[in-house]
Amino acid sequence: MDLLTTLVDKGLRRELPTRDEALAVLATSDDELLGVVAAAGKVRRQWFGRRVKLNYLVNLKSGLCPEDCSYCSQRLGSQADILKYTWLKPDEAASAARAGVAGGAKRVCLVASGRGPTDRDVDRVSKTIAAIKDQNDDVEVCACLGLLSGGQAERLRAAGADAYNHNLNTSESTYGDITTTHTYADRVDTVRQVQAAGLSACSGLIAGMGETDADLVDVVFGLRELDPDSVPVNFLIPFEGTPLAKEWNLTPQRCLRILAMVRFVCPDVEVRLAGGREVHLRTMQPLALHLVNSIFLGDYLTSEGQAGQADLDMIADAGFEVEGAGTRTLPAHRADAAGCGSHESACGTHEDGGCGSAGGGVCGGHETAAAAPAAQGVPERETVPAGEPVAAGEPGPGVRAGLVAVRRRGAGTDLPPNA
């Protein structure tokens, strides 16, 4: 296809595709899918070889969020039957992080539900960062705490944070249909604060919320303009008890086309396969490794992922290798331009996210990677009352509903993590 030849050439030159070209990728047929993956794979290998960066999520505070993000299992009014608990202590979070690092994770993402941190919360997270780095010299730490206010990004960097995640999630024109308690502009402002403070910015999207192809292209072009180091791509996990519980819109083929489009638009950026990959890509996850260069290991904020060992086996079987702690993630031209040293790439989950995709509030993770076991003394936990079962919508061809499993292990529990 002339389109793919053009897009590969542009990707190798770091040249922005046109909107029509990006839309055309999303419009390709299933018969053309392997060609699309192969073309985007050439761009991925140019900038990242066959390396896969592993990231590990620690959910510092689950549930109880005052924001109304429709996709989030931790939102205000959510009836999703998730774990709810208050802040983990620094030593508990450090213990949780050890499980991910032992599994090969290069980065630990610290996520807390809520609109944004208070100054006291920043102090708390700063102590947690110190506890993690005291035990793991080479680990990168990314914070995902919601909307930041003046000086907080600088304080997190001074505490040793390498990156900050805050996802845009969807296009500016449709943002008000998803969330009413804050705006798209609020999110953009936080990403810019992060960059101004010298932290590596991580910002991504959530696909599958009923958006159009034009919405997807809009948000990815918006991300390209912001130029974060890392772009997590989350696929909606439709939790029962949330407003988007019936939005089962994605097929594995659709997910791969979205990932390919993101790679063409952001050729030399760390593209992370985040929340919802197990639910929507299923047995086609290995193909996604030809498009992304980063994934989360194990479970997510409020939902279960596949076993950590299965992730490692998948990477090896597909002919890729886990990126080592001493290896720079970003291409030299990006790291040098940023002048950020170890602050070179970012977290990203969509649990909202970013850092994940199943319910992370304004933190911007929609449902990302595995959390590890909490130590003794975790505050008393309250389980969210389960709502009436919400039937899946009318799924299209190839769409499979009812695949969400709520996380019951790892952080905030006395059970070992899935890592």
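The legends below describe close-up views of a predicted model. Local features are given at pLDDT of at least 70 and side-chain atom pairs at pLDDT 80 or more, whereas totals for chains, interfaces and linings use all residues. Residues are numbered from 1 along each chain as its sequence is written, and side-chain values use heavy atoms, with hydrogens and water left out.

View A. Helices (H or I, at least four residues) and strands (E, at least two) are DSSP runs, numbered from the N terminus. All five residues of β3 (residues 140-144) are buried, that is, under 20% relative accessible area with a 1.4 Å probe and protein chains only (exposed is over 50%, partly exposed in between). Glu 140, Cys 142 and Cys 144 point one way from the strand, and Val 141 and Ala 143 the other way. Strands pair if DSSP finds at least two bridges between them. Strand β2 (residues 107-112) pairs with β3 in the parallel sense over five bridges, and β4 (residues 163-165) runs parallel to β3, joined to it by two bridges. Cys 142 stands opposite Cys 109 and also opposite Ala 163 in β4. From β3 the chain crosses through helix α6 (residues 152-158) to β4 in a right-handed β-α-β crossover; right-handed denotes a clockwise path from the first strand over the helix to the second, with the strands pointing away from the viewer.

**View B. Ser 126 in helix α5.** Ser 126 belongs to helix α5 (residues 119-135). Its relative accessibility is 17%, and therefore Ser 126 counts as buried. Beyond residues up to four places away in sequence, Ser 126 touches Arg 155 and Ala 159, a contact being heavy atoms within 4.5 Å.

View C. The 13 residues of α4 (residues 90-102) should span 18 Å at 1.5 Å a residue, which agrees with the 18 Å between its end C-alpha atoms; the expected span is 1.5 Å times one less than the number of residues. Among the buried residues of α4 are Glu 92, Ser 95 and Gly 100. The cover over the buried residues of α4 includes β1 (51-61), β2 and α5.

**View D. The largest nonpolar core.** A nonpolar core is a set of buried Ala, Val, Leu, Ile, Met, Phe, Trp, Tyr and Cys residues joined through side-chain atoms within 4.5 Å. The largest one has 92 residues, and Val 58, Phe 235 and Phe 264 have the most contacts inside it. Helix α10 (residues 252-265) supplies the largest share of this core, nine residues.
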